[in-house]
Amino acid sequence: MTDSEEKKPLIAAGEVDSDDKEWDGCGPALLCDPRRSPHRFIVLIFTCFLNFGSYFCYDNPAALQTQIQDDMGVSNSQYVLLYSLYSWPNVVLCFIGGVLIDRTLGIRWGGIVFAGFVLGGQVLFAMGALFNAYWLMEVGRFVFGIGGESLCVAQNNYAVTWFKGKELNMVFGLQLSFARVGSTVNFNVMKPIYSLIAKSVSPGYRVLGLSLFVGVGMCVFSFLCAIVLAILDKRAEKLTKRKTISLEEKITLSDVKNFPLTVYMLFIICVAYYVSVFIFIGVGTVFFTTKYNFSDAQANAIDGIVYILSAAFSPIFGFFIDKFGKNVFWVITSVVVTIGSHALLTFTFLNPWIAMVLMGVGYSMLACALWPMVAFILPEQQLGTAYGFMQAIQNLGLAVVAIAAGKILDEKGYLVLEVFFMAWLCLALLSSVLLYIFDVARGGMLNMTAKDRAAYEEKKKCCCGVIGVSVCLCVVHVVHVLTLGNKKRKKRKKLEQTADDVK
């Protein structure tokens, strides 16, 4: 990257005044200049850690399921409620969160407020265990859920604001990678921490409560990241004269129905793909122990390989997609790879590690290519609502399909369940192909290379400018003709009046 390219302004940024008085702190130095890559890298670190605490705490119940049920004396249905209290409200809440970011709070306050809900919810969850009050743990999970998905919307908005037109696909991949690292760390450390505390503390519910406060510490860290991001973004807006969204430009709920058809195709792909991966992973342990006679430890290891691979491969795929573009091609490829993975698990007894590695690769590929396309289609002031709506539909799909999958598993078994998942993936594939066709009909921007897309955006700006100048010239010409004609008519009338006077 040349020095001139490195100093390109952020998205929607205006020209920066050359007067050094405009720059605060360390001035326009390499690490302090928001137009340059090193500073954006600092922002990227805080953006990735913004959701680390949320993902770490989300699966605290799964990591400590036996301890929660034994220490709190709850049944399976009561335990499962801890996840339901998170998922069902987010069918609506993350959409509302997106609207609040677009209409009221803005990205900075939205990130801080929703990170605060995540922190407060985890505190209540841990306090409920510490004082043997399961109802308080349930309240904590509900509050935690209010902030969790909406914080993802804020994170996506930060990514688009700082990295659109630069490294956006790779940034989405890194965000996914850090999220899965948070989940993996949770599963690896919570049981050892519980065992360590249990050596010196009793009874069990207090051990559980103190263990859950480790999650509180992670949420405090993410809350501090939200504050730092808000400060850095405010500074960048001031220094780069980034355009702020006026009230007239802000989205209203009625605008959602006017989203382009391609956006709704992305929503369908999101739901149809993720239900086939997330829900399978949720029931995968028993599948591997039943079909392949794996031990519990082996089943857990292979079931978690998708998240581990996504943590490693997502940034790599994001880099390649940023470099070469072709987002729709990558989405279609990922869906086909995942269909192949499920087909191997369904119809063969081939070593399941092969199928699960393929699923991990496909999942990593799709996450990097799918989510940034929303930002290619919609204007910046609509992204919070669009991502919120996308998260809401995803949560609705996961909640409903999970119930259906449970009934299929109880009544028909894993063979029919796998065919059920493959049917959802076929819907995702059909939607991806239709997305490609609709995009080609509209110029093919989504499947352009990164270089072609940049040229397309620049050409569009130039065309808009030429059209504007042309319209102005036409208006001036028309006014000139009308004025000239009016003068000629007045002169003719004056001559006619003079002739009448002579007569």
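**Helix cap first**

Modeller: Asn351 caps the N-terminal end of H15, with a side-chain oxygen 3.0 Å from the backbone nitrogen of Trp353. Polar contacts are pairs of N or O atoms within 3.5 Å; within protein, one must be able to donate a hydrogen and the other to accept it, and residues adjacent in sequence count only if both atoms are side-chain atoms. This is a predicted model: local features need pLDDT of at least 70, side-chain atom pairs count only at pLDDT 80 or more, and totals for chains, interfaces and linings use all residues. Residues are numbered from 1 along each chain as its sequence is written, and side-chain values use heavy atoms, leaving out hydrogens and water.

Biologist: What span should H15 have, and what does it have?

Modeller: H15 covers residues 352-370, 19 residues, and should span 27 Å at 1.5 Å a residue. Its end C-alpha atoms are 27 Å apart, which agrees. The expected span is 1.5 Å times one less than the number of residues. Helices are DSSP runs (H or I, at least four residues), numbered from the N terminus, and strands are E runs of at least two.

Biologist: How many residues of H15 are buried?

Modeller: 15 of the 19, so H15 is largely enclosed by the rest of the structure. Buried means under 20% relative accessible area, exposed over 50%, partly exposed in between (1.4 Å probe, protein chains only).

Biologist: New topic. How many helices and strands does the chain have?

Modeller: 19 helices and 0 strands. Of the 503 residues, 50% count as buried.

Biologist: And Ala236, buried or exposed?

Modeller: Ala236 is buried, at 1% relative accessible area. Ala236 is found in helix H10, residues 204-239. Its C-alpha is 9.5 Å from that of Trp162, 74 residues apart along the chain.

Biologist: Which helix gives the most to the nonpolar patch?

Modeller: H18, with 8 residues. The patch is about 800 Å², and its members include Leu261, Ile268, Leu434 and Phe438. Patch residues have over 30% relative accessible area and no salt bridge; like charges are joined within 9 Å, nonpolar side chains (Val, Leu, Ile, Met, Phe, Trp, Tyr) within 5 Å. A salt bridge puts a side-chain nitrogen of Lys or Arg within 4 Å of a carboxyl oxygen of Asp or Glu. Areas come from Shrake-Rupley with a 1.4 Å probe; for residues, only the protein chains shown count as cover.

Biologist: Where does Leu434 lie?

Modeller: In H18. Leu434 is partly exposed, at 33%.

Biologist: Which residues of H18 are buried?

Modeller: Among them are Phe421, Leu425, Ala428 and Leu435.
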